[in-house]
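Here are a few friendly notes to read alongside the model. Take them one at a time, and keep the 3D view open as you go.

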Amino acid sequence: MLMNFACRSGWHAVGRRLGTIQTYILQPFGRGSVRLVSEDYRTPPKVDLNLVGDHRDMERLKDAFHRSVALFHSPAVSHVASDVFATSYSD
């Protein structure tokens with residue numbers, strides 16, 4: 001598992017006031033697949049990431065979430081941080 005921390009989550013005024021905790025499973029147990037669907041190189045392949053396809057990966061992600069919450073509530077962080085919320089880089 002990787003936990004990544006950023007003091008500033010963006011280049012703008014709001015981003016300078018936001019901190020980020022990101023967690024990743026870098027060596028997942030689950031495996032995805034890539035399948036060619038055409039001989040035409042312009043046709044994209046079928047990609048199935050199979051995220052959390054193995055129950056151990058979901059357990060590890062839940063553990064990462066609990067560790068992030070505990071860190072947020074620790075005395076060292078809680079006196080300088082407030083209003084935790086989830087974000088995403090996708091639509």
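Predicted model: local features only at pLDDT ≥ 70, side-chain atom pairs only at ≥ 80, totals over all residues.

1. How many of the 91 residues count as buried, as a percentage? The share is 12%.

2. Now for the overall form. The C-alpha trace spans about 60 × 35 × 15 Å along its principal axes. The radius of gyration is 18 Å, whereas a compact globule of 91 residues would have one near 12 Å.

3. Next, the secondary structure. The chain has two helices and four strands, and their order along the sequence is β-β-β-β-α-α. Among contacts with a separation of 6 or more, 35% join residues 24 or more positions apart.

4. Have a look at the largest pocket, which holds about 1200 Å³ of space. Its lining has 31 residues, with Gly19, Thr20, Ile21, Val84 and Phe85 nearest the centre. Helix H1 is the biggest contributor, giving nine residues, while strands S1 (2–6) and S2 (20–24) each supply at least two. By class, the lining has 18 nonpolar, 10 polar and three charged residues.

5. The second largest pocket holds about 240 Å³. Both S2 and H1 supply at least two residues of its lining. Among the lining residues are Thr23, Tyr24, Pro28, Asp57 and Leu61.

Methods: Residues numbered from 1 in each chain as written. Heavy atoms only, no water. 1 Å grid on protein atoms, 1.4 Å probe; cavity = no way out; pocket = protein on both sides within 12 Å on 5 of 7 lines; lining within 4 Å. Points joined across faces, edges and corners; volume = space filled by probe spheres on them. Nonpolar A, V, L, I, M, F, W, Y, C, P; charged D, E, K, R; others polar. Rg over C-alpha atoms; globule rule 2.2 N^0.38 Å. Buried < 20%, exposed > 50% of the residue type's maximum accessible area, 1.4 Å probe, protein only. Contact = heavy atoms within 4.5 Å.
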